[in-house]
Amino acid sequence: MAERIRWIRWQRTRAIAAKDLRVELRGRVLLNQVIPFSVLVLVLFGFAVDDDGIAQRVAPGLIWMATLFSLLVMVQRTFAVEAADGALDSLRVAGVDPTVIFWGKAMALAVQLAVLEIVLFAAAIILFAPTLRVSGVALLTATWIVSTAGLALVGTLYGGLTAGIQGRETLLPLLVFPVVAPVLIGATRAVESGLGTTGAAVSEGWPWIGLLTVFGAAFAAGGTLAFGPLIDD
Amino acid sequence: MTSVDLAAGTTVDDGSRPAVELSDVVAVIGGFPVLAGVDLRVERGEIVLFHGPNGAGKTSLLRLCAGLLPLERGTGTILGMDVVDHRDELRRRVGLVAHANGLYQDLTVAENVRFWASMVDADASEVDGALDRMGLRGRLADAPIARCSAGQRRRTALACLVVRRAELWLLDEPHAALDAAARDQLDEIIRAAAASGATVLVASHELERTMALATRHVEVRGGQIVELPGG
C-alpha cells in the first residue's frame, strides 16, 4: 500500500512538472524574456566593472547575481500561471497533496534554472574569458546541480508563500534575497575554485558544495513540511 | 460508491449517507459569522439551487461543502465523510467551479483535462469520455484555453470535474458570462450529471433559469437557510 502511494505521488509530481514545462514551452518566457534579461544583466555588470582583469575575477559572482535576478522573474511567472484562472486553488480544492505540488513545481523550476545557468556560464566565458581547466569540471558540475536544486526549492517555497498576497512582486525579492545569500556565496566561491579565477585551488571549492547541499536539504525538508499550510492559509 | 482514504487506508463512505448533512453549522471568516446555524440535508442525485442576496452566505456554504471553510460550531458530513476528520478525502471527491475555472491558459482544452486526469489516475478513455460529454471533441480539443470562449472554458472546467469523478458538484454562479446557447448547454450538462448519480449544488442569482433546473431550491439569508415551501 505504502509503495503504491509513493508511486502515485511520484507520477503526480512528474505530471505537475511536465505541465509547468509545457506551459513554459508554449509561452517561451524563459527563451524570449528571462535569458535575454539575464545576459543583459551580465553585460551591464561587465560595462560597470570595465576592467578585463577585474571582470574575469568577478565573473563567477556575476553569473550567480544574474541567476538570482532571473530566479525572481521565473518564480513569479510560475505562480502567475497558477493564479491567472485560480488553478492553484483548484489543485488545493481537489485535495492534491501539497507536497506533490511543491516538488512538481520545484522540479520544473530547476530544469529552467539549469538551462539558464548553462547559457549564463557560456556568456560569461565569452564576455570575460576566464580559462576553463579540466580539473575543475567536476566541481563546476556539482556546483551547478546543488545550487540549482537549492534555488529551485527556495523559489518554490517563497513563491507559494507570496502567491496569494497583494504586492507579491516586491515582497518576493525582499524575502528571497536574504535567504539565498548562502547560495550566492557558496556557489560563487565554488565556481571561483573551479575556474581558478582568484588563484584558488579546485580542492578549496568542495567544502562549499557541502554547504550548498545542506542548504538544499534544509529547504527540501522545510518545503515538504510547510508548503501545504502556506498555500492553504 | 465506496471510497478508501489512501492515507489512512480505511473506508470512509459506504454510499448510504446523504450527499450533504449539516447540523447547526457556524463558520466564521475574519471574526464575521458567514454561516450562522445552518441545518441542511441534500440527498444524492439532487440538484439544489441556493439563492439569496449578495453576502448571504451562498459561496461560503459551497466552500464549506468543499472542505475549504473550517467549522466554528456544529457538525457536518459530505458524501458520508466528516468535514473535519476526512477533509482531504472529501476534497478529492468534491468539485468546485467558482468564478475562476481553474484552467491553464497556455494549455489546450484536452491538455487541461488530461492534466486533471493525471491527478486522479484516470485513463485516456475517461478523458475522451469527459470531452465527449461536454462537446469538446474535434478541433476544439486542441484549442488553447486562452482562445476559447467563456462557455467553452466553463465546459472544460466541468470536463475536469467529470474526469476527476467528482460526486458532488459545487457550482458558484455557473451561468455568469455565458450567452443563451452556452447557458442551455450548461443546463443539459448539469441535468446529465445528476442523472448519472452526481449531486449538484448551484449558487445563483439567475432564479428563473435555475429554478427550472433544480429539483429543490433553498434561500440563504444572513448566513442561514430559509427553505421555501414547496421548494
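This is a predicted model: local features need pLDDT of at least 70, side-chain atom pairs count only at pLDDT 80 or more; totals for chains, interfaces and linings use all residues.
Figure 1. Strand β3 of chain B covers residues 20-29, and strand β4 of chain B covers residues 32-42. The two pair in the antiparallel sense over 8 bridges. Two strands count as paired if DSSP finds at least two bridges between them. Strands (E, at least two residues) and helices (H or I, at least four) are DSSP runs, numbered from the N terminus. β3(B) and β4(B) form a hairpin, with 2 residues between them. In the turn, Gly30(B) has a positive phi of about 55°.

Residues are numbered from 1 along each chain as its sequence is written, and chains are lettered from A and ligands numbered from 1 in the order in which they are written.

**Figure 2. The open sheet of chain B.** The sheet has 4 strands in the order β4-β3-β6-β7, with antiparallel pairing. Its edge strands are β4 and β7 (81-82) of chain B, and each pairs on one side only. Inside the sheet order, β3(B) and β6(B) pair in the antiparallel sense over 5 bridges. Val26(B) stands opposite Arg73(B) in β6(B). In a regular strand the side chains alternate between the two faces of the sheet.

Figure 3. The side chains of Asp24(B) and Arg73(B) meet in a salt bridge, 2.9 Å from N to O. The term means a side-chain nitrogen of Lys or Arg within 4 Å of a carboxyl oxygen of Asp or Glu. This pair links distant parts of the chain: Asp24(B) is in strand β3 of chain B, and Arg73(B) is in strand β6 (residues 73-78) of chain B, 49 residues apart. Asp24(B) is partly exposed, at 32% relative accessible area. Arg73(B) is partly exposed too, at 46%. Buried means under 20% relative accessible area, exposed means over 50%, and partly exposed lies in between (1.4 Å probe, protein chains only).

Figure 4. Glu89(B) and Arg92(B) form a salt bridge through their side chains, 3.3 Å from N to O. They sit 3 residues apart in helix α2 (residues 87-93) of chain B, so about one helical turn separates them. Glu89(B) is buried, with a relative accessible area of 5%. Arg92(B) is partly exposed, with 26%.

**Figure 5. A salt-bridge network in chain A.** Lys19(A), Asp20(A), Glu82(A) and Lys105(A) are linked in a network of salt bridges. Glu82(A) bridges to Lys19(A), and the closest N and O atoms are 2.5 Å apart. Glu82(A) lies in helix α3 of chain A and Lys19(A) in helix α1 of chain A, so the pair ties together parts that are 63 residues apart in sequence. Both Glu82(A) and Lys19(A) are buried. Over all chains, the count comes to 23 salt bridges.

**Figure 6. The surroundings of Asp20(A).** Asp20(A) is in helix α1 of chain A. With 6% relative accessibility, Asp20(A) counts as buried. A polar contact of 3.3 Å joins the side chains of Asp20(A) and Thr78(A). A polar contact is a pair of N or O atoms within 3.5 Å; within protein, one must be able to donate a hydrogen and the other to accept it, and residues adjacent in sequence count only if both atoms are side-chain atoms. Neighbours within four places in sequence aside, Asp20(A) is in contact (heavy atoms within 4.5 Å) with Thr78(A), Glu82(A), Lys105(A) and Ala108(A).

**Figure 7. The interface of chain A and chain B.** Chain A brings 25 residues to the contact, and chain B brings 27 residues. About 2300 Å² is buried between the chains, and carbon and sulfur atoms give 60% of that area. Buried area is the accessible area (1.4 Å probe) that two parts lose on being put together, summed over both. Arg12(A), Asp85(A) and Val93(A) supply 28% of the area that chain A buries against chain B, more than any other three residues. There are 4 salt bridges between the chains. In one of them, Glu111(B) meets Arg22(A), with the closest N and O atoms 3.9 Å apart.

Notes:
Side-chain values use heavy atoms; hydrogens and water are left out.
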